[in-house]
Amino acid sequence: MATVTLALDEVGPQTIDRLAQLVAERLIEQRAAGAEPLLSTPEAAKAAGVHPETVRRAIKAGALRTAGYVGNRPRMRRTDVDAWVAGGATMTKAKVAGGVVRSRPPRLRRAGPHPRRLGEALSSLIPDGRAA
């Protein structure tokens, strides 16, 4: 970024204006050709009516296609987001385990006769069961 800043400082204002004009023309050409702007994760979440983390999970699960990445941040087409919503975006929130749809992972259960409370744990450490 510093290299770009230094390079822009060295060019004249006419060159910068010409670059801006070229970028604007390119954007107009893309829109005329039917290219739609890409959505960031928060924008896609807002369009779908879900939390951004839900969009991230859908991308990771392969349920939502990405058009590309800017750095490590995914970009989506609006049509892909709409197709994901039409296909049941809420089901992406659920995890399927063993044919059973669960809205969150199961809680871990303790196996065996392990003490659940601090008092029970301490009394098991002291031979006669008295606290010191």
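Here is a short chat about helix packing, confidence and a salt bridge in a predicted model.

User: Before we dig in, what's the average pLDDT of the chain?

Analyst: This is a predicted model, and the chain averages a pLDDT of 75. At least 70 is reached by 66% of the residues.

User: Where is confidence lowest, and where is it highest?

Analyst: Strand E3, residues 95-97, is the lowest, with a mean of 43. Helix H3 is the highest, at 94.

User: And over which residues does pLDDT stay under 50?

Analyst: Residues 92-102. For that stretch the model has 13 contacts beyond four places in sequence.

User: OK, switching to H3. How do its axis and the H5 axis cross?

Analyst: H3 covers residues 41-48 and H5 covers residues 78-86; their axes come within 10 Å and cross at roughly 45°. That angle is why H3 counts as oblique to H5.

User: Left-handed or right-handed?

Analyst: The H3 and H5 crossing is right-handed.

User: Which residues make the contact?

Analyst: From H3 you've got Ala44, Ala47 and Ala48. H5 brings Arg78, Val81, Trp84 and Val85.

User: What's that by class?

Analyst: The contact of H3 with H5 has six nonpolar residues and one charged, with no polar ones.

User: What about H3 and H4, how do those axes cross?

Analyst: H4 is residues 52-61, and its axis comes within 8 Å of the H3 axis, crossing at roughly 105°. Anything from 65 to 115 degrees counts as roughly perpendicular, so H3 is roughly perpendicular to H4.

User: Which residues are in contact there?

Analyst: On the H3 side, Thr41, Pro42, Ala44 and Ala45. On the H4 side, Pro52, Val55 and Arg56. By class, the contact of H3 with H4 has five nonpolar, one polar and one charged residues. Ala44 of H3 turns up here and in the contact with H5 as well.

User: You mentioned Arg56. What does it form a salt bridge with?

Analyst: Glu53, with the closest N and O atoms 3.4 Å apart.

User: Last one: how many salt bridges does the structure hold?

Analyst: Two. The Arg56 and Glu53 pair is one of the salt bridges.

Conventions:
Residues numbered from 1 in each chain as written. Predicted model: local features only at pLDDT ≥ 70, side-chain atom pairs only at ≥ 80, totals over all residues. Heavy atoms only, no water. Axes fitted to C-alpha atoms, helices over the stretch in contact; angles between N-to-C directions. Helix = DSSP H or I, 4+ residues; strand = E, 2+ residues; numbered from the N terminus. Parallel < 35°, antiparallel > 145°, perpendicular 65-115°, else oblique. Left-handed = near helix turned anticlockwise from the far one by under 90°. Contact = heavy atoms within 4.5 Å. Nonpolar A, V, L, I, M, F, W, Y, C, P; charged D, E, K, R; others polar. pLDDT = per-residue confidence, 0-100. Salt bridge = Lys/Arg side-chain N within 4 Å of Asp/Glu carboxyl O.
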